[in-house]
Amino acid sequence: MDSIFSGAGRSIGQFLRERWTEMGDGLGLPPTMTGPVTEEVRELLRPWADIPVGQACPFPSYVSGDGFPAEMSVKWSQGRPELRILFESLGASRPITAASSRSTAAELTDRLSARPQVSLDRYRKVADVFAPGAGHEAAPVPVWHSLAWKPGHPPAFKIYFGLYTLPLQKRYALVTEAMDRLAMGTAWADTTAQVARATMEDGAVRELEFFALDLDSGAGARAKVYYRNHTSSVAALERMAALARAHEPDRARSAFRTLLGTAPEAAGDAPLTCLAFRSDATRADESTTYFRVSSFTASDAEAAARIGALMAHEDLDPRRHHTLLQAMAPQPLNQIRGLQELVSYRSRGDEGDVSVYFRFPLYPPLSAQPSAPSRQSRGILQEVEPV
């Protein structure tokens, strides 16, 4: 992916605040509404916001293909759009290490506890499962945070645990322990059994990569698991999405094919599935499917046209997305590729929502890219997932 942004002379925090402001402008939100949230974003990035962008990423993050530690997104649904930022905190040590970044993330989680809309009760039930020294490898499990803001509402926060550094068997062991503690063990057992059965029948490997929690105490608060699907088969993605209770297969099938256009059975590179769980349910409650739109479009102009068609399919106004892009794009859309990296779709009965994830290519792409689990790992996958 080419470097389409320039961070010359800026700190990481300044660069991200500029992008956040552009998003607000593109959505037509007045500064009086976005300003306080912009300051919240600034606070979240403390103390590492002053690190210069530089010519190479100071600590390669799994958040993006070039190692930049953040992405932003907009969720489009009926009503006001939701603005979001996902990031990996960077450590205070020089050089930055995985351990110092994990320590900075822990400090941020503690700071969030002071906010009235945040609850760490569910997080505290499982934090030690993913803590350094909890029986897994010396490299600590990476921790990410996200802020999601819908105008007129206080920001909501999530925390993510990156399982991708661990052997597959350990990933399942940790998530199983966490789900049991959250009274979601029955639903998780159903999911692992269904995923194992699907892999045996269609040969498509689904790799468990993340565990996440909503940081609130409401009845609708979720635990979420993310799978990377090592297949471009839309049928395999539909099978994963159908594991969720609220999924509406016919609507989703039509939405998928609208986004994919002339190749409706090819989902692009490494699509993702997120399954969301709520307490005491017997199965996953919601599913979201993520398409790496940059892998099957030639430019951001083509990606915007595909996304616009998907939004129209869901009775959402695609002109709002195009206006947002004009505010954010550093160059004409037909000359760049990769600003719009992911598009997600979630169906819930008779409505669906569409989210667009923006990446800010600043550095040369990292050489190490996610790859399918080895044949030996596939055998482990079948062992750890009950059938």
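Predicted model: local features only at pLDDT ≥ 70, side-chain atom pairs only at ≥ 80, totals over all residues.
A residue is called buried when its relative accessible area is under 20%, and Glu286, with a relative accessible area of 7%, is therefore buried.

Side chains of opposite charge can pair when their charged atoms come close. In this structure 32 salt bridges are found. One of them joins the side chains of Glu286 and Arg348, with 3.9 Å from N to O; this pair links distant parts of the chain, since Glu286 belongs to strand β8 (residues 286-291) and Arg348 to strand β9 (residues 340-348), 62 residues apart. Whereas Glu286 is buried, Arg348 has a relative accessible area of 33% and is partly exposed. Both residues also take part in a network of salt bridges, which includes Asp214, Arg222, Arg245 and Asp353. A further salt bridge is formed by Glu82 and Arg84, whose closest N and O atoms are 3.8 Å apart, and both of these residues are buried.

Within α5, the buried residues are Leu168, Arg171, Tyr172, Leu174, Val175, Ala178 and Met179. Because these residues cover an arc of only 165° around the axis, they lie on the same side of α5. Arg171, although it carries a charged side chain that forms a salt bridge with Glu207, the closest N and O atoms being 2.8 Å apart, is buried, and Glu207 is buried as well. The two residues come from distant parts of the chain, with Arg171 in helix α5 and Glu207 in strand β5 (residues 205-214), 36 residues apart.

Helix α1 (residues 12-26) contains Gly26, which has a relative accessible area of 7% and is thus buried. The C-alpha atoms of Gly26 and His322 are separated by 8.8 Å, although the two residues are 296 residues apart along the chain. When residues up to four places away in sequence are not counted, Gly26 touches Thr323, Leu324 and Ala327.

In soluble globular proteins, nonpolar side chains tend to be buried together. The largest nonpolar core here holds 101 residues, of which Leu16, Phe211 and Phe360 touch the most other members. Apart from this core lies another of 13 residues, among them Tyr160, Tyr164, Ala212 and Leu342.

A pair of aromatic rings is described by the distance of the centres and the angle of the planes. There are 23 aromatic pairs in the structure. Trp144 and Tyr164 form a tilted pair, with 6.5 Å from centre to centre and 50° between the planes. Since Trp144 lies in strand β3 (residues 143-149) and Tyr164 in the loop between β4 (156-162) and α5, the pair ties together parts that are 20 residues apart in sequence. Trp144 is buried at 5% relative accessibility, and Tyr164 is buried with a relative accessible area of 18%. The rings of Tyr160 and Tyr226 also make a tilted pair, because their centres are 6.1 Å apart and their planes stand at 50°. Here distant parts of the chain are linked, Tyr160 being in strand β4 and Tyr226 in strand β6 (residues 223-230), 66 residues apart. Tyr160 is buried at 10% relative accessibility, and Tyr226 is buried with a relative accessible area of 9%. Ring pairs join these four residues into a cluster that also includes Tyr62, Phe210, Tyr290 and Tyr357.

Most residues other than glycine have a negative phi, and most peptide bonds are trans.

Definitions and conventions. Residues numbered from 1 in each chain as written. Heavy atoms only, no water. Buried < 20%, exposed > 50% of the residue type's maximum accessible area, 1.4 Å probe, protein only. Helix = DSSP H or I, 4+ residues; strand = E, 2+ residues; numbered from the N terminus. Arc of directions from axis to C-beta. Salt bridge = Lys/Arg side-chain N within 4 Å of Asp/Glu carboxyl O. Contact = heavy atoms within 4.5 Å. Core = buried A, V, L, I, M, F, W, Y, C linked by side-chain atoms within 4.5 Å. Phe/Tyr/Trp six-rings, centres within 6.5 Å; stacked < 30°, edge-to-face > 60°.
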